[in-house]
Amino acid sequence: MKFFFPAIAEEIDWERGHTFLDKELQQVVRDAELGRRYADKLVQVYRRDGEETWVLVHVEVQGWRDSGFEQRMFVYNYRIFDRYERPVVSLAVLADEHAAWRPTSYGWDLWGCRMGIRFPVVKLLDYQDRWSELEESGNPFAVCTMAHLKTMETRVDPRLRFSWKLNLVRRLYDQGRDQQYVLDLFRFIDWMMHLPEDLAEGFINALTKIEGNWSRGGSAEAES
């Protein structure tokens, strides 16, 4: 939220905690009868307005162009409201490769009856022109976005992917983060930036050198 929707994150009272409602979301998806669809997370949070109000934040991560996406956002939103009778905020993170595809609304206006939804959208492709911003950010989702963009960019060039994968992992070590932080993000990068077997072996050898130097208190760059 702080990385992709910072203005909204500022309106949430994080000190009051949050609750993930995965089971509730699964039930809403089944009730919607839209087939096998997966939204990302449904989270109960509290606003900073001082009222005893809680908000359900529905984040949809979409990895491909889908003609039914807008309708699904609408259906999930009203199904969640119908079930809990609470304000619902639907947010979309679009991870597809179609720069012009930017769904933001769904609904109709007929004979004086207006029905619909408008929802904020973040397009990961837009960060291609904001690379320096990603490099400077300390938010882990900046690294995730970099890995996603370079995975798409190197789809037909495994050797270039090898270089970028090593570069991103090296950055984790050079940031001085704790070991668990590095391991968690490494698992994501390793899963996303898949390499063919011959390059994967070379990557492990290079990573071993980086880890060895890092454990001795040196710079990961020194062993590259």
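Helices (H or I, at least four residues) and strands (E, at least two) are DSSP runs, numbered from the N terminus. By that rule the protein has 8 helices and 7 strands. This is a predicted model, in which local features need pLDDT of at least 70 and side-chain atom pairs count only at pLDDT 80 or more, while totals for chains, interfaces and linings use all residues. Residues are numbered from 1 along each chain as its sequence is written, and side-chain values use heavy atoms, with hydrogens and water left out.

Start with the whole protein. Buried means under 20% relative accessible area, exposed means over 50%, and partly exposed is in between (1.4 Å probe, protein chains only). Of the 224 residues, 42% are buried. The protein exposes about 13,400 Å², and carbon and sulfur atoms supply 49% of that area. Accessible areas come from the Shrake-Rupley method with a 1.4 Å probe; for residues, only the protein chains shown count as cover. Contact means heavy atoms within 4.5 Å. Take the contacts between residues at least 6 apart in sequence: 62% of them join residues at least 24 apart.

Now turn to the sheet. Strands of a sheet pair through backbone hydrogen bonds, either parallel or antiparallel. Here, two strands pair if DSSP finds at least two bridges between them. An open sheet is formed by 5 strands in the order E1-E2-E3-E4-E7, with mixed pairing. Its edge strands are E1 (19-20) and E7 (121-123), and each pairs on one side only. Inside the sheet, E2 and E3 pair in the antiparallel sense over 6 bridges. Val-45 stands opposite Val-55 in E3. Helix H3 (residues 69-84) packs on the sheet and touches E2, E3 and E4. The direction of H3 makes about 155° with that of E3.

Thr-19 lies in strand E1. At 38% relative accessibility, Thr-19 is partly exposed. Which residues does Thr-19 contact, leaving aside its neighbours within four places in sequence? They are Leu-42, Val-43 and Gln-44. Thr-19 and Tyr-46 are 27 residues apart in sequence, and their C-alpha atoms are 10.0 Å apart in space.

There is also a hairpin. Strand E5 (residues 105-110) and strand E6 (residues 113-118) pair in the antiparallel sense over 6 bridges. Asp-109 stands opposite Arg-114 in E6. The hairpin has 2 residues between the strands. Trp-111 lies in this loop between E5 and E6. Trp-111 has a positive phi of about 55° although it is not a glycine. Trp-111 is exposed, with a relative accessible area of 83%. Glu-85 also has a positive phi of about 55° and is not a glycine. Glu-85 sits in the loop between H3 and E4. Is Glu-85 buried or exposed? Glu-85 is exposed, at 64% relative accessible area.

The helices come next. Axes are lines fitted to C-alpha atoms, for helices over the stretch in contact, and angles run from 0 to 180 degrees between N-to-C directions. Angles under 35 degrees count as roughly parallel, over 145 as roughly antiparallel, 65 to 115 as roughly perpendicular and the rest as oblique. The axes of H5 and H6 come within 10 Å and cross at roughly 170°. H5 and H6 are therefore roughly antiparallel to each other. Their contact involves residues including Val-143 and Met-146 of H5, and Leu-160 and Trp-164 of H6. H6 and H7 pack at an angle of about 170°, with their axes 10 Å apart. So H6 and H7 are also roughly antiparallel to each other. Among the residues that meet are Leu-168 and Leu-172 in H6, and Leu-185 and Ile-189 in H7.

Finally, go inside. A nonpolar core is a set of buried Ala, Val, Leu, Ile, Met, Phe, Trp, Tyr and Cys residues joined through side-chain atoms within 4.5 Å. The largest one has 44 residues, and Leu-134, Ile-189 and Phe-203 touch the most other members. Elements that give two or more residues to this core include strand E3 (54-62), helix H4 (131-136) and helix H8 (197-215). H5 gives the largest share, 7 residues. Apart from this core lies another, of 11 residues, among them Val-28, Val-29, Trp-54 and Val-88.
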